[in-house]
Amino acid sequence: MARQRLLLSLRWGDMDAYRHVNNVEVLRLLEEARVRAFGMAHRDGGVPMLATGMVVARHTVDYLRPLDYRLEPVAVDLWVSRTGGASFEVSYEVLEADEAAVGELRTYVRATTTCVAYDFAAGRPRRLGEDERSQLALLAG
């Protein structure tokens with residue numbers, strides 16, 4: 001499966017005084033993509049990863065060009081770029097969704113998020129389970 005492409009709509013309120021999507025709202029787009037990817041039940045009926053407990057430990061974001069507000073959705077490509085003992089890294093590209101409109105897929109943002117498996121009852125990180133590793137492998141890129 002590797003990369004997963006999600007089409008996400010921008011909101012008028014995402015735009016800042018410079019008439020492009022504010023950096024905080026870019027993180028919201030990444031969060032929405034991540035929640036959609038890890039918050040859904042899997043084909044085999046497995047529990048969604050968000051339900052097993054995970055927290056964000058780190059974001060890195062490279063803003064490559066201004067993302068202007070538009071009515072058409074933007075594409076967010078998402079994949080798992082690294083899996084460790086208790087953590088994994090999600091990589092993203094925010095792209096122009098309609099290649100025909102611009103003649104190429106413009107990339108606006110490249111980013112990564114480090115997520116940590118977390119035991120909320122114990123209040124501490126935990127090791128990734130085998131089911132979780134299998135789900136992450138489906139998005140490995």
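Q: How many residues join S3 to S4 in the hairpin?
A: This model is predicted. The hairpin that links S3 to S4 passes through 3 residues. S3 covers residues 74-83 and S4 covers 87-96. The two strands run antiparallel, with 9 bridges between them.

Q: How do side chains point along a strand, and how many residues of S4 are buried?
A: In general, side chains in a regular strand alternate between the two faces of the sheet. In S4, 9 of the 10 residues are buried, so the strand is largely enclosed by the rest of the structure.

Q: Glu 96 is in S4. Does it count as buried or exposed?
A: Glu 96 has a relative accessibility of 9%. Buried means under 20%, so Glu 96 counts as buried. Its side chain makes a polar contact with the side chain of Tyr 108, at 2.3 Å.

Q: What about Arg 19, buried or exposed?
A: Arg 19 counts as exposed because its relative accessibility is 60%, and the cut-off for exposed is over 50%. Arg 19 sits in the loop between S1 and H1. Its phi is near 70°, a positive value in a residue other than glycine.

Q: How should I read a helix, and which residues of H1 are buried?
A: An α-helix has 3.6 residues a turn, so residues three or four places apart point the same way. In H1 the buried residues are Glu 25, Val 26, Leu 29, Leu 30, Ala 33, Arg 34, Ala 37 and Phe 38.

Q: Why does the distance between the ends of H1 agree with its number of residues?
A: H1 has 16 residues, 23-38, and at 1.5 Å a residue they should span 22 Å. The end C-alpha atoms of H1 are 23 Å apart, which agrees.

Q: Which residue caps the N-terminal end of H1?
A: Asn 22 does: one of its side-chain oxygens lies 2.8 Å from the backbone nitrogen of Val 24.

Q: Where do nonpolar side chains go, and which residues touch the most other members of the largest nonpolar core?
A: In soluble globular proteins, nonpolar side chains tend to be buried together. In this model the largest nonpolar core has 29 residues, and Phe 38, Leu 67 and Phe 88 touch the most other members. At least two residues of this core come from each of S1, H1, S3, S4 and S5. H1 gives the largest share, 6 residues.

Q: Which residues does Leu 67 touch?
A: Leaving aside residues up to four places away in sequence, Leu 67 touches Leu 10, His 20, Val 21, Leu 29, Val 74, Val 94 and Tyr 108.

Q: What is the pattern of the protein chain along the sequence?
A: The chain has 4 helices and 6 strands, in the order β-α-α-β-β-β-α-β-β-α. Among contacts with a separation of 6 or more, 65% are between residues 24 or more positions apart. Of the 141 residues, 40% count as buried. The chain exposes about 7900 Å², and carbon and sulfur atoms supply 50% of that area.

Methods
Residues are numbered from 1 along each chain as its sequence is written. This is a predicted model: local features need pLDDT of at least 70, side-chain atom pairs count only at pLDDT 80 or more; totals for chains, interfaces and linings use all residues. Side-chain values use heavy atoms; hydrogens and water are left out. The expected span of a helix is 1.5 Å times one less than its number of residues. Buried means under 20% relative accessible area, exposed over 50%, partly exposed in between (1.4 Å probe, protein chains only). A polar contact is a pair of N or O atoms within 3.5 Å; within protein, one must be able to donate a hydrogen and the other to accept it, and residues adjacent in sequence count only if both atoms are side-chain atoms. Contact means heavy atoms within 4.5 Å. Accessible areas come from the Shrake-Rupley method with a 1.4 Å probe; for residues, only the protein chains shown count as cover. A nonpolar core is a set of buried Ala, Val, Leu, Ile, Met, Phe, Trp, Tyr and Cys residues joined through side-chain atoms within 4.5 Å. Two strands pair if DSSP finds at least two bridges between them.
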